[in-house]
Amino acid sequence: MKFVRKKRFSLLVIFTLLVTIIAGCSGGSTPSDTATQPPADKNKEAAVEPVQEKQEPKVDLNGRAVRISNWWDASPKGDSEADERARERIKNVEEKYNVKISYLNTDYGATSEKISSSVMANEPFAEIVRVPDGNIWGLMQGGFLTPLDEYLKDTQIKPDVIDSMRFGSDKVYGLTGWYTPNDSGMFYNKRIFKEAGLKDPQQLMEEDNWNWDTMLDAAKKLTVDKNGDGKMDQYGLSGAYYVLHEMLIGSNGGKMYDEATQKAAFDSPESLEALNFLYSLYNDHKVVKANAGNDWEDPSKFFSEGNIAMYPGGLWEVEGRILDKLKDDWGYVYMPKGPKAKTYLDTVNSTESFVIPKGVKDADIIVKIWEELQDFDNWQDNHRLWLENILPDEASIANAMNDNGQVERVYGARAGGLGVKEALGSVTEKFVKGEVTPSTGVAQVIGPAQAGIQKVLKGEKSK
């Protein structure tokens, strides 16, 4: 595939002052003319003072280590153009600030605890830490993070991205350069749809007819007993209940947590409609394959084995769970539109923001270092290059890139640190088994979920 690389342009602005002094002729000048001009020189132009560019003060951090923590080894070791550019940025930053950049691989589940414990010991374990943004709430309210507003007055980060890093506060606590346009959606098996003579989700989407009803219709027709033994060999859907409820709520315009009101919102009409639909998929229509004990890995495993027509999930799953495992042709589309949605909607689960722990010295310079390590100019090209490596066709890439501009982000699902997802998940697990209805289950946990939110918002430290 070919795609156009962005070119960098630099603009050199030259200010030239040319003052030509013309000897006065009789009647050729007025007193005001001569009063404001220097003495005339017939043969020379006035001297032009060189324009001095504003120089940033030199910063020398004396070889200090700047540690950047992720939950994988994020050091650029590959031979791709993006990695080469990353290594060049690291080199430039190290020389400019006299620092040594290093990357830490910190366990995902231990990151927040490591921040809080190291800050309390007055020894932050890293200068820059990637944190799931649901966990930022407790760290923010517990006083473990550095507010960053005053360091972002001259930044390349777009205003709307900065605002999203406030997390319900008037201060900014996270750093992120951009959002990927559509990082969660529906994977589907093209072979299964073709063999059944059905329009696949991409065709339905192009007709603007990809919605809950058409998804359900396909799921019912593609849940079949192929060998006649009374057991289903192929299912319309697979998934984890706690992923499905989040993505369906978002696709109907609902939220799990509303940052504007600081309230749990999974009891809204949009959210309850999604939960009732999920209940019907499991209990009335029976089109979701039951997991075999591992809700986290079984759904993608079933899909990669070629016995599932549709699997809602995230793009991060492709490389480890689908690519080189699923032998059939497949594609990637948006989640289908719910009845309350006017467009396709993408739930924001986690923007995985970078934070600077409280107590990190020279936080203003650390912010500059983080910015200079980002590839702001090429992030879209880099993202597309990654998608070209993991997705099977141009239509899927366009969906993931949001080239047609149809996806809107639904904020509010990123409330894991407030216990909202856990509270809803505790009853979703029951109602997908038919043990309780969505309305009854939601009524049981909406109060405790809101109480948990208030504890965090009042500043109680996360545990």
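The buried residues of H16 make their packing contacts with helix H9 (241-251), strand E6 (257-258), H10 and helix H17 (438-457). Contact means heavy atoms within 4.5 Å; helices (H or I, at least four residues) and strands (E, at least two) are DSSP runs, numbered from the N terminus. Buried means under 20% relative accessible area, with exposed over 50% and partly exposed in between (1.4 Å probe, protein chains only). This is a predicted model, in which local features need pLDDT of at least 70 and side-chain atom pairs count only at pLDDT 80 or more, while totals for chains, interfaces and linings use all residues. Residues are numbered from 1 along each chain as its sequence is written, and side-chain values use heavy atoms, with hydrogens and water left out.

The chain has 463 residues, of which 47% count as buried, and its secondary structure comes to 17 helices and 12 strands. Among contacts between residues at least 6 apart in sequence, 76% join residues at least 24 apart.

The buried residues of H16 are Val420, Ala423, Leu424, Gly425, Val427, Thr428 and Phe431. Helix H16 (residues 420-431) packs with helix H10 (residues 269-283) at an angle of about 35 degrees, the axes being 10 Å apart. Axes here are lines fitted to C-alpha atoms, for helices over the stretch in contact, and angles run from 0 to 180 degrees between N-to-C directions. From H10, Leu275, Leu278, Tyr279 and Asn283 meet Leu424, Thr428 and Phe431 of H16.

Elsewhere, the largest nonpolar core has 96 residues, and Ile115, Leu281, Met310 and Ile369 have the most contacts inside it. Such a core is a set of buried Ala, Val, Leu, Ile, Met, Phe, Trp, Tyr and Cys residues joined through side-chain atoms within 4.5 Å. Domain 1 (65-180 + 351-376) and domain 2 (184-348 + 393-458) both give residues to this core, so it lies between them; the domain bounds come from an automatic or database domain assignment. Leucine 281 touches Met215, Leu216, Leu237, Leu248, Lys286, Val287 and Val288, leaving aside residues up to four places away in sequence.

Glycine 174 sits in the loop between helix H5 (159-164) and strand E4 (184-189). Glycine 174 is buried, at a relative accessible area of 3%. Leaving aside residues up to four places away in sequence, glycine 174 touches Leu148, Met165, Phe167, Ser353, Phe354 and Val355. Proline 147 is 27 residues from glycine 174 in sequence and 8.3 Å from it in space, C-alpha to C-alpha.
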